[in-house]
Amino acid sequence: MLDVIHRRPVPDPWAEGEKIPWNDPDFSERMLREHLSQDHDAASRRFEVIDEHVDWIHQGVLSGTPTRILDLGCGPGLYTSRLSKLGHECVGIDYAPAAIAYAREQAEREKLRCTYLEQDIRVADYGTGCGLVMLIFGEFNVFRPADARLILEKASRALERDGLLLLEPHTFSAVQKIGEQPASWYATSGGLFSDRPHVCLTESFWDPERKVATERYFIVDAQTGDVTRHAASTQAYTDEEYRSLLLGCGFGEIEFYPSLRGDLDESQADLIAIVARKARAA
Ligand SMILES: C[S@@+](CC[C@H](N)C(=O)[O-])C[C@H]1O[C@@H](n2cnc3c(N)ncnc32)[C@H](O)[C@@H]1O
């Protein structure tokens, strides 16, 4: 507990950890349960919501034309599996082992044209010839700005001529709201951060200069008192900042949409969808 008491009063963004531990094998097993749960829209959204998104991606973004799709941070492949059934050939990359194992099993069982790579999208080879590269459910903002830019540049190179990027980032105000949450805690006999009885203490910070929200998690094991720390930082961007970032990373024809359904969805108001075309010169 001295770790908690002697923590820095205010964290430097990303200095105390990149993200929650998606790629830890045990954590990813527990997270898979959350991805697949139909009780909430955390980790992945409920299937009925995903079906609406897939419908818009297929009809609204791709005009129903089958293409090669790369899904960055694909999780258990809930979007790619559906898109492949509509005629697309899909590649999903994610570094969570349990999510990728689930996606592969589904693809094999249902004979889907999906390939999954268990890799970190900051370093993975994206290949070439894609008609669409997507990175959804707000994950874009959790990357350091330099990594976010690198991912966009790699996405642009992976696209064929006139190919499309589909990004679903957070709104600026949603990120600020994350950073301004009051500190809180819960006690559980087992949950996402540990199978063992524990207390989870969380605190959040908003850095108004860097426009970054940082969340800290202290997991206190009920039997040993050992504390495990996690932290995640989330970068806020205005719409104009998204636009200029995309222009600088080889994209043009940038269109903003209120949700991944194409129209306003009050239940997903913290996120927007952006579709951008690979610039001819890129
Ligand atoms: C919020 S979940 C969304 C999953 C999926 N896109 C969906 O909507 O169902 C974010 C996903 O990004 C993955 N992820 C985060 N950082 C990553 C990285 N650096 N490389 C690969 N995958 C990453 C996580 O493992 C997780 O599966």
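In helix H7, which spans residues 172–179, the buried residues include Ala174, Val175, Ile178 and Gly179, where buried denotes a relative accessible area under 20%, exposed over 50%, and partly exposed the range in between (1.4 Å probe, protein chains only). Viewed down the axis of H7, these buried residues fall within an arc of 140°, and they therefore line one face of the helix; the arc is that of the directions from the helix axis to the C-beta atoms. The cover over the buried residues of H7 includes strand E7 (198–207), E8 and E9, with contact taken as heavy atoms within 4.5 Å. Helices (H or I, at least four residues) and strands (E, at least two) are DSSP runs numbered from the N terminus.

The structure is a predicted model, in which local features need pLDDT of at least 70 and side-chain atom pairs count only at pLDDT 80 or more, whereas totals for chains, interfaces and linings use all residues. Residues are numbered from 1 along each chain as its sequence is written, and side-chain values use heavy atoms, with hydrogens and water left out.

Strands E8 and E9 also feature in the cavity analysis: strand E8 (212–221) and strand E9 (227–235) are the elements that give two or more residues to the lining of the largest cavity. A search of the whole structure finds one cavity of 30 Å³ or more, and the largest cavity holds about 30 Å³ of space. On a 1 Å grid over the protein atoms alone, a cavity is a set of points where a 1.4 Å probe fits but cannot get out, and lining residues have an atom within 4 Å of a point; grid points are joined across faces, edges and corners, and a volume is the space filled by probe spheres set on the points. The lining of the largest cavity consists of Glu16, Arg216, Tyr217, Phe218, Arg229, His230 and Ala231. These lining residues divide into three nonpolar, one polar and three charged, where Ala, Val, Leu, Ile, Met, Phe, Trp, Tyr, Cys and Pro count as nonpolar, Asp, Glu, Lys and Arg as charged, and the others, Gly among them, as polar.

Strand E2 (residues 89–94) is mostly covered, with five of its six residues buried. Strand E1 (residues 68–72) pairs with E2 in the parallel sense over five bridges, pairing being assigned if DSSP finds at least two bridges between two strands. Within this pairing, Cys90 of E2 is the bridge partner of Ile69.

Ala103, in helix H5 (residues 97–109), is buried, with a relative accessible area of 1%. Apart from its neighbours within four places in sequence, Ala103 is in contact with Gly75, Pro76, Gly77 and Tyr116. By contrast, Leu2, found in helix H1 (residues 2–5), counts as exposed at 58% relative accessibility. Leu2 and Val227 are 225 residues apart in sequence, and their C-alpha atoms are 9.1 Å apart in space.

Most residues other than glycine have a negative phi. Ser63, in the loop between helix H3 (47–61) and E1, has a positive phi near 50° and is exposed, with a relative accessible area of 56%. Glu253, in strand E10 (residues 251–257), likewise has a positive phi, of about 45°, and is exposed, with a relative accessible area of 58%.

Key:
1 Å grid on protein atoms, 1.4 Å probe; cavity = no way out; pocket = protein on both sides within 12 Å on 5 of 7 lines; lining within 4 Å.
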